[in-house]
Amino acid sequence: VGVMVYDNVSDYIESSIGRRAMAIAKVVAAVPSVQQSLRSPDPTSTLQPIAERWRLATGAAFVIISNMDAVRLTYPVPEMIGTPMADLPRGPVLQGEDIIYVGQGKLAPSLRANTPIFDAATGVQIGFVSVGFYLDDIELLTDAAGGRVMLAIVVAMLFCLAAAALLANQVRKELFDLEPFEIATILNERTATLEAIHEGNVIEGIVKNIT
């Protein structure tokens, strides 16, 4: 049960962080200044401060805004801005679909949420947002939650052992403090005695009939 609960907690935390990353990405994608900046000659000058503010405010590992050519317009490492993004499964988001996946580009392995950015006026997709949380950080959260689960299980086991000890003590009292093998010995002796008495009665009856 403990293993099953731990697995469920792990799945819940990962799913929850995935939803959180997607929610952040969607909010960033809906910001009017983000949409307008993607149409400007120098989008990074406006987008990089916005992305960094959101990254710091939400605790995300990164908030990356990209154009339709998958070129980084924002990045936690400024030197990498303007370079192509890593070859990851971006097909769905470039076709206007949301996607959550685990991947590794230039940064550490992370759980990522990608959502498209649409031009508010035309409805045409002009880029996408990628928000990620490092797997190491997610594992720390899982271990912390799992530790609490295991502590609860240990406490429950102690209660169960105490209850079992009390029940065993009560059963022993009901059985006059006899161990199972002692009960079996007494039962065998009683059976043997009854059989001897029965055989004696039979023999006595036969003798009486003869005499």
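Select Leu 151, Val 155 and Phe 159: together they make a nonpolar surface patch with about 320 Å² of accessible area. Patch members have over 30% relative accessible area and no salt bridge; like charges are joined within 9 Å, nonpolar side chains (Val, Leu, Ile, Met, Phe, Trp, Tyr) within 5 Å. A salt bridge is a side-chain nitrogen of Lys or Arg within 4 Å of a carboxyl oxygen of Asp or Glu. Accessible areas come from the Shrake-Rupley method with a 1.4 Å probe, and for residues only the protein chains shown count as cover.

This is a predicted model, where local features need pLDDT of at least 70 and side-chain atom pairs pLDDT 80 or more, while totals for chains, interfaces and linings use all residues. Residues are numbered from 1 along each chain as its sequence is written, and side-chain values use heavy atoms, without hydrogens and water.

Is Phe 159 buried or exposed? Phe 159 is exposed, at a relative accessible area of 61% (exposed is over 50%, buried under 20%, partly exposed in between; 1.4 Å probe, protein chains only).

Helices (H or I, at least four residues) and strands (E, at least two) are DSSP runs, numbered from the N terminus.

Now show the whole chain. Its secondary structure has six helices and four strands, in the order α-α-α-β-α-β-β-β-α-α along the sequence. Along the principal axes, the C-alpha atoms fill a box of roughly 130 × 30 × 30 Å. Of the 211 residues, 31% are buried.
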